[in-house]
Amino acid sequence: MSLLSKNKVINRNFILSFILNLLLWIFLYWKIQPQVDPIVLNYNIYFGISLIGDWWHIFTLPLVGLVIWLINLILVAIWSKKEQLLTSFLSYTTTLIQILLIIVSI
């Protein structure tokens, strides 16, 4: 994170998005108990249940969010000196993705 310390807004966005991702992990761990029976992974108001699976498949959403966070962090570390607008866009996008993943999970 020391590579990003020059821009406080970018740092705050990445810290906020990491905290949001961590809260998503905690929420899903608290809400979904390990079980043998399959659980509903996706529900559509038009078609009803569209995806069922094992209980641990529910953790793919926060894992995807963590991978996106890590990739964007690496890209911002690479481009922080050259592209300020792009790095700001990546940091805001990372936070927005985490918020959307929380909404989808709920």
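**Ground rules.** I'm working on a predicted model, where local features need pLDDT of at least 70, side-chain atom pairs count only at pLDDT 80 or more, and totals for chains, interfaces and linings use all residues. Numbering starts from 1 along each chain as its sequence is written, and side-chain values use heavy atoms, with hydrogens and water left out.

E1 runs antiparallel to E2, residues 48-53, and five bridges join them; DSSP has to find at least two bridges for strands to count as paired. Three residues sit between the two strands of this hairpin.

I looked up the largest pocket next and got a volume of about 160 Å³. A pocket here is an open set of points on a 1 Å grid over the protein atoms alone, where a 1.4 Å probe fits, with protein on both sides within 12 Å along at least five of seven lines; lining residues have an atom within 4 Å of a point. Points are joined across faces, edges and corners, and the volume is the space filled by probe spheres set on them. The lining is Val40, Leu41, Asn42, Tyr43, Ile58, Leu61, Val104 and Ser105. E1 supplies the largest share, four residues.

**Cores.** The largest nonpolar core has seven residues: Leu24, Leu28, Ile32, Ile39, Ile58, Phe59 and Leu101. A core is a set of buried Ala, Val, Leu, Ile, Met, Phe, Trp, Tyr and Cys residues joined through side-chain atoms within 4.5 Å. A second, separate core of six includes Phe14, Leu73, Val76 and Leu90.

Is Asn72 buried or exposed? Asn72 is in helix H2, residues 60-79, and counts as buried because its relative accessibility is 8% (buried is under 20%, exposed over 50%, partly exposed in between; 1.4 Å probe, protein chains only). Beyond four places in sequence, Asn72 touches Phe14, Leu90 and Thr94 (contact: heavy atoms within 4.5 Å). Gln98, in helix H3, is also buried, at 0%. Leaving aside neighbours within four places, Gln98 contacts Ser17, Leu20, Asn21, Gly65, Leu66 and Trp69.
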